[in-house]
Amino acid sequence: MSALGPLIRRNPAFTVILAIAALLRLVAMVGYAPVMFFNDSFDYLHVAVKPQPHQLRPNGYSFLLQALEPLHSFALVAFVQHLMGLAMGVMIYALLRHRFGLPGWGATLAAAPVLLDGYQIQLEHLVLSDTMFTFLAVTAVTVLLWHERTTWKVGAAVGLLIGFAWLTRSVGLPVLLGVLVFLLIRRTDWRVLAVLLAASLLPVVGYMGWYKAERGKFAITESNGIFLYARTYKFADCHKMKDIPVQEMPLCTEAVGGSRQPNSQDGIWNAASPLNRYTGQRFSPEKNKIANDFARRAILSQPGDFLKVVAHDFLRVFQWKRTVFPDPATYSQYEFGRRSAPLPEWQMGGGTARQEANLYEDGDARTKLNQPFAGVIRVYQDHVYLRGSLLGLILLVGLAGMVAMWRRLGGLAFLPWSLATGLLLAPAATAEFDYRYVLPAVPLACLAAAIAFGPEARARFAALRRGGRAAPEATPVPSLEDVVADPKVPAPAAGSAG
């Protein structure tokens, strides 16, 4: 406690923002008790209550729910997720101060979107995997950039974090690839790369072994083909595809006057989906294989159409105004609502979704609105959030900082910037745009933009203006304690991460 006072005095702006962020999360917890639910929540909950590898999505988040289940408290789940949100803001601030020498106000500005965005707060209050995934990804980036050199211990820690992120959401695989590319660019020792790769694969391979034992296939899920089919559903034209096998022909639709629905996800969830022309479960291995083969055939036959739908969904991220998408029912679940919806009565294999939620809570798990707190956080969300256009501007600022460091292939900003961009592109390429998929990219994009104002990038910009080259700095990297204790400590030079 004796160190808390100096921390607050030396970081007043961030302390105020962090306190406001914590208060907002407390208001959300009281206003919408004990937690809020999304359609996918009940799948995560089902495999937490009755452990089994899920065919549709990996179980990483369900492991967290399972670990907390003995305490029978959804409020605790929400509390843990809100702590993750606050921790991400702290990590961004501390990293920018420790490694990149930003002033307190600059580091605070970079951390503000994840701390204060109303939709981020609501996402943390949902029983969903996104907050945990984002926390793991931001932690991995923080650990990697925090150190001047990437030792094998750092590589092992980062690898494990990415491995668990991969088991939380499938886009953890692109995160791993992005980190490996970054370290290759930084000419990292191959032994460190090997340790990082082995550490990331350790939990994943273990999970795949469990999947093999339970379902007979060495895999993480068996739904990738069906989701890829959904991506091609809007443009696939069987008249342009050659040698379609007979078993794939039921997936053909006509764009005009046919049975094709407006949204890509209709290819999975709509009752009129061509997938329902096949018998059996929606996510059977057989359907997944057929859908995957058809989708790949469509992409190879119509690469231009594929790029168009990807570009359309990617650019949708940067709209100034949020629009109702993909439908009012889904969109409403991303907002603090005016009323509490009853828990669904879907059959979950031995019980309903409502029964399993109540079993987990050991009581009534239905969300209860408590005024005036619910009204306060609802109005706050309506007005305080990061506009898509501003996210685009943040990415452009980060890109500008990377251009200045072109001789070093973007410098240290390359890692968070490439991961943020990849996290926005991955859903557009493999599924469909969704607002919840945008938020995990925000803290990484803000981090990359802030690094553009670090001492190394500033020196390079100055050299470019002079038409010369920045002189190397020999300033040692101070510790976080040095930065906090004495604001006059010289800013550190951002060195190699490799």
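## An exposed leucine and its patch

Leu-396 is exposed, with a relative accessible area of 54%, where exposed means over 50% relative accessible area, buried under 20% and partly exposed in between (1.4 Å probe, protein chains only). The residue is placed in helix H19 (residues 388–404), helices being DSSP runs of H or I with at least four residues, numbered from the N terminus. Together with Trp-320, Leu-390, Leu-393, Leu-399 and Val-403, Leu-396 forms a nonpolar surface patch with about 560 Å² of accessible area. Such patches take residues with over 30% relative accessible area and no salt bridge, nonpolar side chains (Val, Leu, Ile, Met, Phe, Trp, Tyr) being joined within 5 Å, and the areas come from the Shrake-Rupley method with a 1.4 Å probe.

## Basis of the values

This is a predicted model, in which local features need pLDDT of at least 70 and side-chain atom pairs count only at pLDDT 80 or more, while totals for chains, interfaces and linings use all residues. Residues are numbered from 1 along each chain as its sequence is written, and side-chain values use heavy atoms, with hydrogens and water left out.

## A covered helix

Helix H21 (residues 442–451) is mostly covered, with ten of its ten residues buried. Among them is Cys-446, which has a relative accessible area of 5%.

## The disulfide

One disulfide is counted, the criterion being a pair of cysteine sulfur atoms within 2.5 Å. The bond joins Cys-238 to Cys-252 with an S to S distance of 1.9 Å, and the link is left-handed, with -95° about the S-S bond. Both Cys-238 and Cys-252 lie in the loop between helix H12 (224–232) and helix H13 (266–269), so the pair ties together parts that are 14 residues apart in sequence. Cys-238 counts as buried at 16% relative accessibility.

## Salt bridges

The count comes to 14 salt bridges, each defined as a side-chain nitrogen of Lys or Arg within 4 Å of a carboxyl oxygen of Asp or Glu. Arg-99 and Glu-148 meet in one of these at 3.5 Å, N to O, and the pair links distant parts of the chain, 49 residues apart. Arg-99 is buried, with a relative accessible area of 0%, whereas Glu-148 is partly exposed at 36%.

Asp-130 forms a salt bridge with Arg-169, the closest N and O atoms being 3.4 Å apart. Asp-130 lies in helix H8 and Arg-169 in the loop between H9 and helix H10 (172–185), so this pair ties together parts that are 39 residues apart in sequence. Asp-130 is buried at 0%, and Arg-169 is buried at 11%.

Methods
Helices (H or I, at least four residues) and strands (E, at least two) are DSSP runs, numbered from the N terminus. Patches are made of residues with over 30% relative accessible area and no salt bridge: like charges are joined within 9 Å, nonpolar side chains (Val, Leu, Ile, Met, Phe, Trp, Tyr) within 5 Å.
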